[in-house]
Structures are given as structure tokens and as C-alpha cells.
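Welcome! Have the sequence and the 3D view side by side, and let us walk through some of the details together.

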Amino acid sequence: MEKIFRVLFPEQGLAVREEQIRLCHEMLDTLLGEQIALCDAGVGIGKTYAYLVACVLLRKYSMLTGRGNPLEQRPVVVSTSSIALQKAILTEYIPFLSRVLLEQGIIQSPLRAVVRKGKEHFVCDNRLEQRIEAIRHKQKNAVQKAALLSLRKHYDMDSVKNLSGFDRRLVCVPKFCPRECPGRQMCRYQRYLEESRKQDVFIQICNHNYLLADAYHRAEGYKPLLSDYRTLIVDEAHKRIGVQFTDEPTGNLDSKTSMDVILLMQSISRQFHQTTIMITHNEEIAQMADRTIRIEDGKVVSGGVRYAR
């Protein structure tokens with residue numbers, strides 16, 4: 001780690017930042033100990049390289065110590081609040097770090113990353129052709145029509161300018177894709193999913209809403225949206241929504257880990273002035289709340305507030 005930040009990065013024109021190095025050490029220690037860390041990184045520290053390097057070294061350490069089993073090779077998930085940071089991680093940070101580490105033999109293959117997002121961002125080829133056929137002999141804004149036709153080459157609609165909201169809704173991948181769809185074998189969205197789930201994908205990048213949707217799917221027993229991951233980095237956590245809803249957040253955890261999670265939630269709520277609403281059957285956890293509302297047989301029996309009509 002010291003060589004990366006004090007020698008290799010400066011050779012590429014980056015300054016040595018002591019706080020960045022300390023942050024990376026803290027993150028790597030947390031990952032190796034399979035713990036949870038809440039890091040307050042100020043502007044200019046270089047937090048992105050700090051956690052990316054920590055994640056790379058975690059995987060390398062696991063392989064060198066004989067812990068390189070399939071579970072240890074699960075990907076890293078980086079959740080952010082902004083598209084700009086997602087793009088920067090994918091097109092700037094990862095390629096730069098990959099090149100530097102490859103040249104020095106620290107890694108043996110390039111680092112791969114993908115952006116994960118909802119179906120509504122991608123084109124359904126069947127629906128696209130139906131829409132193009134529907135407007136073939138109709139008057140349509142020339143710029144919007146050109147944007148629509150360009151989707152034959154670009155399956156990610158976020159990469160196409162001047163596409164109308166109406167067209168987006170008509171041609172996006174539907175909420176439920178029928179397995180008997182005639183275009184499934186050649187579907188670009190299905191190929192994107194297959195690529196994103198490959199074992200050599202080191203980092204999955206998503207936004208906070210997608211991360212929460214994945215957590216909901218797992219809690220409800222649905223198919224997860226994200227591949228099973230070993231490490232979760234929640235970047236820009238302070239930009240989460242002001243209210244968080246959690247249903248039995250410690251239901252499948254042991255007592256010590258449950259307490260760690262609750263204390264972390266309390267810390268995040270107070271530091272970032274957020275309200276956390278938690279549903280639980282655990283009396284001990286309920287007693288830790290600032291306010292407790294008890295519900296029995298579908299009715300509030302204590303802790304509720306009557307509002308004037």
C-alpha cells in the first residue's frame with residue numbers, strides 16, 4: 001500500500017496525501033476483519049482511490065494466503081448518489097488504477113467494472129422495433145426520431161441525447177420479461193446482465209436506490225438484483241434520503257453483529273440528521289429507539305400521536 005501511494009501514484013503525477021493513506025489503511029483493516037466502518041472523508045482527501053486500493057489489496061491478500069476460494073472472489077459493490085461519480089469511477093479511476101497496478105505486476109489481469117441500474121434505463125429490442133414501425137409513416141420531430149433510431153446501436157438509453165420521455169417509456173425493458181420472448185436469445189439487455197455477472201467483474205457500481213432495491217429483493221426472497229458481493233462501499237452516504245425504513249434489519253444476524261448494525265444505524269442517523277423507522281420484534285432493540293410505537297392486531301396500542309382534525 002505504501003508503495004502505491006508514495007511511489008507509484010506520484011510517478012503518475014498524483015500528490016502524496018497522508019490522510020488518504022491513513023484512510024486506506026483503516027479501510028483495509030476493516031475489510032480484513034470483516035467489520036463495518038463509518039469514515040468521514042473531507043473534500044480533497046482522495047477517498048475513491050483509498051477504498052479502491054483497499055479492495056484490490058483485500059482480494060490479493062486473500063489469494064496469497066490461500067483464502068482464494070470462490071466466496072473470497074465475490075465482487076465489490078460501490079454505491080453512489082451521483083451519475084457523475086459513477087462515470088468517473090468507471091472511465092477514470094478504474095482504468096488508471098488498473099494500468100498502474102498491471103505495469104508493476106501487482107495484479108495479473110485488468111480490473112473490470114460495470115454500472116448496474118434498473119430495467120427502465122435499457123432498450124427492449126422488440127418494443128423498439130414496434131415503436132419504429134408505429135411512427136414509420138407519421139410526422140415526428142426529426143431530432144427525436146433520430147434519437148429513437150440510434151437505439152438500434154445503443155442499448156443504454158442514458159447514453160442517447162434528445163430521446164423523448166414518451167419514447168423511453170414505450171421502448172424500455174418491461175418490468176416482467178416473458179421467458180418465451182422470441183428475442184430473448186439475442187436480447188442486448190440479457191447479454192448485459194450476463195456480462196455483469198461474470199466472475200472477472202471486480203466492481204459493480206450502482207446508486208443508493210438500486211442498492212436498497214437489491215436489499216429488499218433479498219429480504220423478500222426474490223432474485224437479487226446484484227451479484228452476491230463480499231464488500232460493500234457506500235460512497236456519498238450523506239446524500240441518502242432523510243428518512244430510512246428498515247424491516248427486521250437484524251433478523252438473520254447473531255446478537256453481536258445485530259448490535260453492531262443497530263449502533264451503526266444510530267450513528268448514521270445522528271451524524272447526518274436522518275430519521276430511521278425500524279420494524280422489529282426484538283424487545284431489546286426496540287428499547288434502544290428514541291421513540292417506540294407498539295402495534296398489536298393491526299392497531300397502535302402505545303406511542304402513537306393523535307393529530308387534530
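How many of the seven residues of strand 3 are buried? Six of them are, so strand 3 is mostly covered. Here, buried means under 20% relative accessible area, exposed means over 50%, and partly exposed lies in between (1.4 Å probe, protein chains only).

## Before we start

This is a predicted model, in which local features need pLDDT of at least 70 and side-chain atom pairs count only at pLDDT 80 or more, while totals for chains, interfaces and linings use all residues. Residues are numbered from 1 along each chain as its sequence is written, and side-chain values use heavy atoms, with hydrogens and water left out.

Helices (H or I, at least four residues) and strands (E, at least two) are DSSP runs, numbered from the N terminus.

## Strand 3 and its partners

Two strands count as paired if DSSP finds at least two bridges between them. Strand 1 and strand 3 run parallel and are joined by five bridges. In this pairing, Ser79 stands opposite Cys206 of strand 3.

Strand 2 also pairs with strand 3 in the parallel sense, over four bridges. Look for Val114 here: its bridge partner in strand 3 is Gln204.

## Two buried residues in strands

Is Thr80 buried or exposed? Thr80, which belongs to strand 1 (residues 76-80), counts as buried because its relative accessibility is 0%. A polar atom of the Thr80 side chain lies 3.1 Å from the backbone oxygen of Ser82. Contact in general means heavy atoms within 4.5 Å. Leaving aside neighbours within four places in sequence, Thr80 has contacts that include Leu85, Ile89, Cys206, His208 and Asp235.

Ile233 sits in strand 4 (residues 231-234) and is buried, with a relative accessible area of 13%. Not counting residues up to four places away in sequence, Ile233 touches Tyr51, Cys55, Val76, Val77, Val78 and Ser79. The C-alpha atoms of Ile233 and Ile205 are 9.6 Å apart, although 28 residues separate the two along the chain.

## Salt bridges

How many salt bridges does the structure hold? There are 18, each being a side-chain nitrogen of Lys or Arg within 4 Å of a carboxyl oxygen of Asp or Glu. One of them joins Glu2 and Arg6, whose closest N and O atoms are 2.4 Å apart. These two are four residues apart in helix 1 (residues 2-11), so about one helical turn separates them. Glu2 is partly exposed at 32% relative accessible area, and Arg6 is partly exposed at 35%.

Asp200 and Arg112 form one, with 3.0 Å between the closest N and O atoms. Asp200 lies in the loop between helix 8 (188-196) and strand 3 (201-207), while Arg112 is in strand 2 (residues 112-115), so the pair ties together parts 88 residues apart in sequence. Arg188 and Asp125 also meet in a salt bridge (2.6 Å, N to O). This pair links distant parts of the chain, with Arg188 in helix 8 and Asp125 in helix 5 (residues 125-134), 63 residues apart. Salt bridges that share partners also join Arg112, Glu195, Lys198 and Asp200 into one network.

## Positive phi angles

Most residues other than glycine have a negative phi. Which phi does Glu34 have? Glu34 has a positive phi of about 50°, although it is not a glycine. Glu34 lies in the loop between helix 2 (18-32) and helix 3 (47-64) and counts as exposed because its relative accessibility is 62%.

Asn162 likewise has a positive phi, near 70°. You will find Asn162 in the loop between helix 6 (142-150) and helix 7 (165-171), and at 52% relative accessibility Asn162 is exposed.

Note on methods:
A polar contact is a pair of N or O atoms within 3.5 Å; within protein, one must be able to donate a hydrogen and the other to accept it, and residues adjacent in sequence count only if both atoms are side-chain atoms.
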